Amino acid sequence: MHIHNLSKENSILNTFMSEIRDQVIQKDSMRFRRNIERIGEIVGYELSKTLNYKNQIIHTPLDKCNVPVIDDSIVLCSILRAGMPLHNGLLNYFDNAENAFISAYRQHKNNPESFDIIIEYLACPDLNNKTLILADPMLATGQSIIATFNALKTFGTPKNIHVISAIGSQVGVDFVNSKFPKTTHLWIGAIDKTLNKKGYIIPGLGDAGDLSYGEKLQK
């Protein structure tokens with residue numbers, strides 16, 4: 001897997017990363033969603049440099065010019081509900097992309113430190129020979145993104161795979177690295193060292209879904 005840790009370079013991305021982590025700023029859910037969306041836009045720009053392009057003749061009001069444009073068929077897939085702001089940021093840049101959505105969430109049983117990944121909804125176009133971009137803002141244990149990838153396999157084989165996250169744990173990154181094809185690209189805003197006993201990233205930022213859309217009742 002090709003791992004692109006964008007925190008290793010100084011850019012405006014780090015400002016948005018600092019704001020989604022800040023427990024005071026993140027209380028403004030609209031600002032939190034917009035910052036996640038901005039992160040999606042920046043990552044989308046960086047990712048776009050690796051795509052395939054073709055030259056296209058464009059006719060302006062005065063003349064014509066030759067412009068390189070994207071030559072990949074892109075499918076954006078986000079994990080509901082936390083992935084929606086990140087998905088929207090990517091869609092702002094890849095506005096011609098097809099879209100897929102999947103619900104993958106943790107179901108805790110008697111032990112709060114263990115959980116299963118439950119998938120209840122999936123809508124996806126044909127993935128054969130397309131560029132698949134998987135968006136999930138938090139890559140904690142990596143189990144959700146792996147469950148998503150496995151569920152998508154029935155829709156075809158993409159030619160390229162990109163995984164997008166705002167924050168991940170080293171444990172999650174290592175796990176995903178071991179499960180995805182070696183040609184996969186992981187684009188991530190920061191990698192934190194540890195997880196707590198409940199599988200949350202430390203220092204992380206909390207629950208991205210709750211911060212975006214409000215707290216939920218636990219099943």
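**Exercise 1.** Decide whether I202 is buried, partly exposed or exposed, and place I202 in the fold.

Solution. I202 has a relative accessibility of 38%. Buried means under 20% relative accessible area, exposed over 50%, and partly exposed in between, with a 1.4 Å probe and protein chains only. I202 therefore counts as partly exposed. The model is a predicted one, in which local features need pLDDT of at least 70 and side-chain atom pairs count only at pLDDT 80 or more, while totals for chains, interfaces and linings use all residues. Residues are numbered from 1 along each chain as its sequence is written, and side-chain values use heavy atoms, with hydrogens and water left out.

The position of I202 is in strand 12. Helices (H or I, at least four residues) and strands (E, at least two) are DSSP runs, numbered from the N terminus. Setting aside neighbours within four places in sequence, I202 contacts D192, K193, T194, L195 and N196, where contact means heavy atoms within 4.5 Å. From I202 to E41 there are 161 residues in sequence and 25 Å in space, C-alpha to C-alpha.

**Exercise 2.** Which residues flank the cis peptide bond with omega near 5°, and which flank the one with omega about 0°?

Solution. Take the bond with omega near 5° to begin with: this cis bond runs from I202 to P203. P203 belongs to the loop between strand 12 (201-202) and helix 6 (208-213). The other cis bond, with omega about 0°, joins L80 and R81. R81 sits in the loop between strand 4 (74-80) and helix 3. As a background point, most peptide bonds are trans, and most residues other than glycine have a negative phi.

N129 is not a glycine, yet its phi is positive, at about 60°. N129 lies in the loop between strand 6 (115-123) and strand 7 (131-135). With a relative accessible area of 54%, N129 is exposed.

**Exercise 3.** Describe how helix 1 packs on helix 2, then follow L13 into that contact.

Solution. Two packed helices are described by the angle between their axes and the distance between the axes. For helix 1 and helix 2 the angle is about 150° and the axes are 9 Å apart. Axes are lines fitted to C-alpha atoms, for helices over the stretch in contact, and angles run from 0 to 180 degrees between N-to-C directions. Angles under 35 degrees count as roughly parallel, over 145 as roughly antiparallel, 65 to 115 as roughly perpendicular, and the rest as oblique. Helix 1 is therefore roughly antiparallel to helix 2.

Next, the residues. L13, F16, M17, E19 and I20 of helix 1 meet R31, F32, N35, I36, R38, I39 and I42 of helix 2. By class, this contact of helix 1 with helix 2 has eight nonpolar, one polar and three charged residues. Ala, Val, Leu, Ile, Met, Phe, Trp, Tyr, Cys and Pro count as nonpolar, Asp, Glu, Lys and Arg as charged, and the others, Gly among them, as polar.

Finally, L13 itself. L13 is in helix 1 (residues 13-21) and is buried, at 1% relative accessibility. Beyond residues up to four places away in sequence, L13 touches L6, I39, I42 and G189.

**Exercise 4.** At what angle do helix 2 and helix 3 pack, and what residue classes make up their contact?

Solution. Helix 2 (residues 29-48) and helix 3 (residues 84-93) pack at about 45°, with axes 7 Å apart. This angle makes helix 2 oblique to helix 3. Helix 2 contributes R33, I36, E37, I39, G40, E41, G44 and Y45, and helix 3 contributes P85, L86, N88, G89, L90, N92 and Y93. Seven residues of the contact of helix 2 with helix 3 are nonpolar, five are polar and three are charged.

**Exercise 5.** Are helix 4 and helix 5 roughly parallel or roughly antiparallel?

Solution. The angle between helix 4 and helix 5 (residues 170-179) is about 20°, and their axes are 9 Å apart. That makes helix 4 roughly parallel to helix 5. Q143, I145 and I146 of helix 4 meet F175, V176 and K179 of helix 5. The residues of this contact of helix 4 with helix 5 divide into four nonpolar, one polar and one charged.

**Exercise 6.** Characterise the loop residues T141 and T184.

Solution. T141 lies between strand 8 (138-139) and helix 4 (143-152). Its relative accessible area is 13%, so T141 is buried. T184 is in the loop between helix 5 and strand 10 (185-192) and is buried, at 0% relative accessibility. Apart from neighbours within four places in sequence, T184 contacts M1, H2, I161 and V163.
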